[in-house]
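User: I am new to this structure and would like to be taken through its parts step by step.

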Amino acid sequence: MKRLAAVVALLGLATATAACSGGATNKSGSGGGGGLFTTIDVNRPGLEPSAPANPYNPKGNSFLGYNAMKLAWVKNDLTDPNKFYPGIAASWDIAPDNSSVTIHLQPNGKWSDGKPVTAEDVKLSIGIAYTQGSTAFAITPGAAGAAADVQVVDDHTVKVTQDMTNPSMKFARGVLDTFVAPAHVWNSVLPADFWDKLKASRATGADAEKAREEITALGEKIIAFAPPKDTSAGPFTLERVNPSEALLVKNKNFFNAANVAPDQVKFLNYTGNEQIWNYLIGGKLDHAGFTAAPTNVMDRIKQAPGAQTIKGFSPVSVGLAFNQSKKPYDNVHVRKGLAYLIDRDQVTKVASPEGGTAAVTTSGIHQKPAQEWLGAELSALEPYKHDVAKAETEFKAAGLQKKDGKWALADGSPWKFSMHAPAGFSDWISAQENIKSQLATAGVDAEVVTTADYPLYLEELAAGKYDAGFWLLALGPAPYDIYQRLFGASNGWTNVAGKIAHAAPGKGGNWMGGPEEIDVAGVGKVNPGELTGKLNASTAEQAKPIMVELAKAANENLPLIQLWDYVNTQFVNTSRFTGWPEAEADVLRLPAGVWMQLGMVKKKQ
Amino acid sequence: MTVIARRLAGHLARGIVMVLVVATISFFIIRNIPGDPIAARYQKLIEGGASPEAAERATAVMYGFLPKGTLWQQYLDYMSGLFHFDLGISVTNPGTPVTEVLAGAAKWTVLPVLFGTLLSFLVGVILGVYAAVKRTGKLGDVLAVSGSLLHGVPQYVLALLMGAIFTTLLPILPSDGTADILYEPGFNAGYIGSLVEHATLPVVTYALASYGGWILAMKSSVVTVLGDDFILAAELRGMKRSVIFRYIARNAILPLFTILALSLGLLFGGSIFIERIFNYPGLGFLLIDSITNRDYALMGGAFLLITVAIVVANILADLFYSVIDPRVRSTEEVS
């Protein structure tokens with residue numbers, strides 16, 4: 001009995017402590033001053049207390065826009081990849097031919113320890129970027145849009161010049177989208193002869209190869225680097241982390257500190273969407289970036305006091321991609337027939353009612369920028385509206401036979417259309433189940449096969465094991481990024497040092513297995529991979545006609561059926577903070593820390 | 001050399017061989033799990049709205065932390081590292097040694113699960129004795145039914161139920177996390193209170209989930225002991241009920257120690273459902289995460305930790321058994 005009494009007493013003690021400390025948590029929750037802002041980092045699940053405050057470490061306790069700063073913040077523009085908000089840089093001059101970017105630092109920029117942010121910090125950060133596989137600061141010989149020279153003009157000015165042998169329109173983006181670390185804390189991570197090594201790495205031969213290996217090896221050392229204390233030039237600095245939460249406090253030395261409202265920021269840990277949904281349903285988060293949620297969950301989230309969503313452009317679409325190495329998907333009429341049988345509005349309504357809008361056609365481009373790039377040509381594209389009669393015509397043109405209301409292959413053998421999706425991707429699985437039932441109604445036997453997880457899905461997709469699977473595309477705003485998902489490595493084309501090469505289906509990552517040349521009505525034969533490669537160095541005006549040709553090629557050849565265009569849905573709560581960005585604002589895809597830097601997000605009075 | 005020392009030496013030798021064999025088998029199984037962790041991470045970032053260059057940058061660095069060389073070379077590196085207590089570098093936590101990641105997560109699993117196991121063991125054993133002694137009465141029935149019910153309910157159902165009751169219907173406990181970050185970690189009332197507050201639901205759920213097993217096992221063991229001659233002899237000699245009760249408990253508990261030792265060994269596997277539902281980031285959480293991300297080094301480290309813990313627990317159980325059961329000890333001494 002004594003033991004039982006002891007156990008009961010222990011449980012009682014736990015409950016009593018819980019009751020007392022519960023109050024303390026709520027009291028602290030007010031934060032004082034500008035308030036406590038609670039959020040999650042949607043791009044980085046899982047907090048790791050043992051990880052350093054290091055922006056280069058994928059698990060590092062550096063939170064983008066809060067205590068990790070970039071030279072500038074990329075705007076969410078429909079078509080222009082080179083539009084930015086100020087960050088460590090107050091302004092920048094981009095040469096008309098994109099050959100250089102001159103960066104002017106914030107005149108009052110300071111680190112949290114009071115030391116000024118200087119051009120030497122930027123130069124060291126560029127050196128670090130070379131070790132991390134950056135686009136503008138690449139050590140791969142002949143890489144597109146790589147910098148040729150970095151010059152410190154004065155304490156607050158740095159000029160970066162592009163190597164014009166293989167230029168890229170995104171050079172300025174590659175430069176300005178760079179983390180900045182304090183040189184007085186980080187200078188030990190690069191050896192004294194680093195810049196000589198970098199120069200040597202640009203040549204050819206064994207010495208250059210050795211230099212490149214040494215620079216790459218430095219990358220691992222930099223990722224593991226643990227500064228003794230977080231030194232931030234952002235609006236916040238890291239205070240402490242435990243496995244479930246991270247606490248940041250306001251950096252009084254931030255150049256725009258007067259405009260930053262919250263005194264503290266708390267990041268919550270999560271590993272899956274369910275935890276984010278629970279936080280949102282409980283009204284715990286002031287902000288969460290885009291998180292896919294089924295309709296019933298979304299309804300519960302909206303019922304939380306103060307819950308609101310802000311929607312904007314997200315340059316991503318999803319499509320049902322075919323493996324054209326497999327019969328009958330090598331026949332364009334089969335692909336077109338399937339496109340006519342799928343009602344995309346219905347699919348989107350079922351699978352992603354809040355996070356997507358049904359694609360108006362298959363162009364390879366998200367609907368919003370498609371209007372900008374294609375103009376009147378967009379309406380000339382075949383919309384593939386739901387039309388059973390047209391589907392039958394296409395299937396007959398492909399030689400398929402209809403027996404007892406079911407479509408069979410040309411030789412009379414049964415045809416089963418197999419779609420794959422990774423387990424856990426509830427929106428993709430719902431979409432495929434809906435497509436399956438739509439196809440069944442029209443006499444096409446279809447099945448949905450769930451793969452154990454995403455890594456396995458991608459490996460098997462790339463190995464050409466599936467008939468069809470979902471594939472992300474239209475990754476704007478840069479034209480090259482948009483079409484490299486359709487006419488890039490997955491379809492056989494590789495771009496090495498500006499030279500385009502094509503691998504046969506089933507080789508070199510070519511799982512889509514499309515033809516190397518496509519006959520496009522009104523245009524003639526085009527090589528879509530080569531056209532895509534040209535986009536890398538084209539100005540917006542030069543890119544437009546190429547985009548039209550590629551859109552037509554995608555529309556006529558249908559390597560995939562574009563299903564829905566994603567919508568960037570941001571979750572905010574107005575109970576504690578106001579001053580959120582407007583719908584469709586070009587800051588929406590940036591972290592809320594950047595919104596605060598720009599003077600948005602104020603404590604509710 | 002004493003009998004116990006000889007036994008210990010034998011157990012240690014067998015244990016080391018077992019750990020090495022398990023490490024070898026798990027190494028080859030893990031390395032043959034299909035899936036590309038880096039491609040998956042890239043696509044996840046893209047879907048989350050990251051730009052292609054940001055996604056490329058975030059994933060490119062991961063390549064440096066993937067195991068290099070042929071599978072055979074990787075195996076040799078792994079085994080050589082093992083002898084230096086180096087389990088490699090995690091891909092999902094690049095730059096951080098696996099031992100550090102495991103140690104960080106272990107404390108959030110071992111203490112709550114240990115506490116939950118011991119709590120359920122104590123309560124289950126005591127009530128199991130009562131359930132057996134009073135098996136013809138109402139109390140015995142109630143205890144037996146409660147044990148069967150809780151033994152039959154899956155852990156995740158109990159966790160969801162506890163969460164719904166104490167965080168939604170009667171919101172007196174936090175639904176997730178380990179401690180409120182607003183409290184300065186250290187030996188202060190606020191922080192310790194927050195730790196206890198956050199651990200209460202996982203611990204109590206774990207205790208409830210395993211309580212049923214203990215009470216049923218103890219009841220069955222006591223019922224067997226009750227039929228033994230020495231109990232009848234004690235009763236005939238007119239011994240006090242408390243003394244007889246002690247005789248029963250001490251003899252009936254012996255088989256349960258083996259199960260307890262194995263349960264303690266499995267502590268390091270964490271409690272995946274409970275940790276997941278209460279967002280309590282311990283070893284179970286880490287193990288699932290490492291499998292999803294194909295973090296070979298972390299997976300290997302987690303499996304190895306579980307193996308070592310079970311082997312050690314078995315050795316301790318065996319040694320402990322010979323200490324607490326004089327019959328085992330005397331048999332060894334005779335042989």
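**Domains and a sheet**

Analyst: The centres of domain 1 of chain A and domain 2 of chain A, taken over C-alpha atoms, are separated by 29 Å, with domain bounds that come from an automatic or database domain assignment. This is a predicted model, in which local features need pLDDT of at least 70, side-chain atom pairs count only at pLDDT 80 or more, and totals for chains, interfaces and linings use all residues. Residues are numbered from 1 along each chain as its sequence is written, while chains are lettered from A and ligands numbered from 1 in the order in which they are written.

User: How many residues of domain 2 of chain A are in contact with domain 1 of chain A?

Analyst: Contact here requires C-beta atoms, placed from the backbone, that lie within 7 Å. On the side of domain 1 of chain A, 14 residues take part, and they meet domain 2 of chain A through a number of residues that is 18.

User: Which residue of E5(A) stands opposite A:Asp93?

Analyst: E4(A) is joined by 5 bridges to strand E5 (residues 100-105) of chain A, and the two run antiparallel. In E5(A), the residue opposite A:Asp93 is A:Thr102.

Technical notes:
Two strands pair if DSSP finds at least two bridges between them. Helices (H or I, at least four residues) and strands (E, at least two) are DSSP runs, numbered from the N terminus. Two residues are in contact if their C-beta atoms, placed from the backbone, lie within 7 Å.
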